[in-house]
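Please examine the sequence and the model displayed below before reading on. The explanation that follows is meant to be read beside them.

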Amino acid sequence: MNESSPLIEIKNVSFSYGHTKVLNNVTFPINRGDFLSLIGPNGSGKTTLIKIILGLLNPSKGEIKIMGKTVAEFNDWQKLGYVPQKATHIDPFFPVSVREVVKMGLGVQRSLPSFKKRNEAQIIWNALSRVGMENHLNWRIGKLSGGQQQRVFIARAIVNQPCLLFLDEPTTGVDSETQGHFYDMLDTLNKKESITIVLVTHDIGIVNRHVSRVACLNQSLEYHGTHEEFCQSEVFKKMLAEGHHIVSHRH
Amino acid sequence: MDAFLSYGFLQRALFAGIFVALACAMLGVFLILRRDAMIGHGLAHVAFAGIAIGLLLNILPMTIALVVAVLSALGITALKEKAGLYGDTAIAIFSSVGFAVGVLVVTVSQGFNVDLFSYLFGDILTIDATEVALSICLAVAVVLIVFLNYQKFMYMTFDQESAKVSGVKVRQLDMLLSVLTAVTVVLGMKLVGILLVSALIVIPAAAGLQLASSFKQAIGFSSLISLISVVLGLFISFYLDFPASGSIVIISFFCFCLLFLVKQRR
């Protein structure tokens, strides 16, 4: 696979839950370096598409390729980071520390005590410092605010230095100022650390500031292209007219 | 204290009890956090059927109980997955059917006898050297398997979806955890009996979770409380002539109450 090939190729993907069609013939690429916003109304298939890419669901039709390999063939899952929807809807009393949450992302092969313990500790600290949470190593995750928890989950997702990061509605329940800081952090990960980001969001206001590309889903792909073109498109105007949620951000 | 430790039967009870306590505590933390706390209770009832069948046929009751418990544990997991039932529903089905089969078999065998009584209420003080060796081997196997898969079990308990994405074989590990629970239930039956084995799995873990701020602490505290409960319980049983099973469970409950109060005052 060469550098110019898409990281993810989505070809004619369809999916139904029972008789309810959720995705219909969706095709678009996710290229290296993209900060892609995957937007659409509730029930438009955004989360379903992410789950299909990550191998959590099988499409009823179509194909996904990750770095040139089908989902079934691909086994380098540590190159992909994932922050699921409602990641912060955790049991606040679950006894797990920030360090332990990030360590989960290090991968399943590290289950034995290792002579590389010092290296592991450094890797965890580095991941947390990239999201500004290095001083909370031994805090129980339930004691953090929603925004802080989200940062920890991102640290978990990036601890293995992935080249691609999926975030599914990561700012649900987080106040708008914290959202602004959060998107600035994603921007840094994308532009300075070259992590390709796919962000599922209802918030079409974010396209005005950070993202490079937009894919608009409503079971079918209604738009895929740059954010500048999206803002001039009929799809965007239609979304505004239908009153889709816009959140103001700092400029 | 010397008198307590000089008797062979107490030494055997302590040895076996300590290892079984560790296995119960470690598993208990995972089961509580997965909201599967009642699976021990359910499998104990199923194991009762195995014991009854073993006694009726005069074939190694504990072995039959182990086989039946393991198969039922896998059945519960399959029922949750295929029939879409909640965990407690699947457990309730197996638990009640298992106990019903046990009652039927006991009736066919023309009533309760002393052997069955010792399985119901535990009889750690009559454990022989072979049973000690077997209990320790099985308990060590359980602890070792949990230790080797600790990160994966923790990940899938905390966030199953992300665990799947990162390559954790969640389905297989679910089944493994169920099998380990079945083995631990049968191990614990000798210590505290069918009727109280669930308490030995749940109460020390619940106590440990009161103060733990990390998963490692949860496992550590639970193990400590389980060990204290077994050692003190046997101690009280010896000196006050109380049943060992009841003493152990009541000590663990006192520990839970104490730690609960400490947590409230924080």
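This is a predicted model: local features need pLDDT of at least 70, side-chain atom pairs count only at pLDDT 80 or more; totals for chains, interfaces and linings use all residues.

Residues are numbered from 1 along each chain as its sequence is written, and chains are lettered from A and ligands numbered from 1 in the order in which they are written.

Chain A contains seven helices and ten strands; helices (H or I, at least four residues) and strands (E, at least two) are DSSP runs, numbered from the N terminus. Of its 251 residues, 42% are classed as buried. A residue is buried if 20 or more other C-beta atoms lie within 10 Å of its own, exposed if 12 or fewer, and partly exposed in between, with C-beta atoms placed from the backbone. When contacts in chain A between residues at least 6 apart in sequence are considered, 72% join residues at least 24 apart. Two residues are in contact if their C-beta atoms, placed from the backbone, lie within 7 Å.

Within chain A, helix α4 spans residues 146-158. Its 13 residues reach 18 Å from the first C-alpha to the last, close to the 18 Å expected at 1.5 Å a residue; the expected span is 1.5 Å times one less than the number of residues. α4(A) is mostly covered, with eleven of its 13 residues buried. Among them are Gln148(A), Arg151(A), Phe153(A) and Ile158(A).

Chain B has 13 helices and zero strands. The radius of gyration of chain B is 18 Å, close to the 18 Å that the globule rule gives for 266 residues, so chain B is as compact as a globular protein of that length. The radius is taken over C-alpha atoms, and the globule rule is 2.2 Å times the number of residues to the power 0.38. Along the principal axes, the C-alpha atoms of chain B fill a box of roughly 50 × 45 × 30 Å. Of the 266 residues of chain B, 51% count as buried. For contacts in chain B between residues at least 6 apart in sequence, 74% link residues at least 24 apart.

Where do the two chains meet? In total, 23 residues of chain B are in contact with 18 residues of chain A. On the side of chain B that touches chain A, α8 (150-158), α9 (160-165) and α12 (215-240) each supply at least two residues. α8(B) gives the most to this side, with six residues.

Inside chain B, the axes of helix α10 (residues 170-192) and helix α11 (residues 197-211) come within 7 Å and cross at roughly 105 degrees. Axes are lines fitted to C-alpha atoms, for helices over the stretch in contact, and angles run from 0 to 180 degrees between N-to-C directions. From α10(B), the contact is made by Thr184(B), Val185(B), Gly188(B), Met189(B), Leu191(B) and Val192(B), and from α11(B) by Val197(B), Leu200(B) and Ile201(B).

Gly42(B) is found in helix α3 (residues 39-57) of chain B, and it counts as buried because it has 29 C-beta neighbours inside 10 Å. Leaving aside neighbours within four places in sequence, Gly42(B) is in contact with Ile76(B), Ile91(B), Phe94(B) and Ser95(B). Gly42(B) and Val68(B) are 26 residues apart in sequence and 12 Å apart in space, C-alpha to C-alpha.
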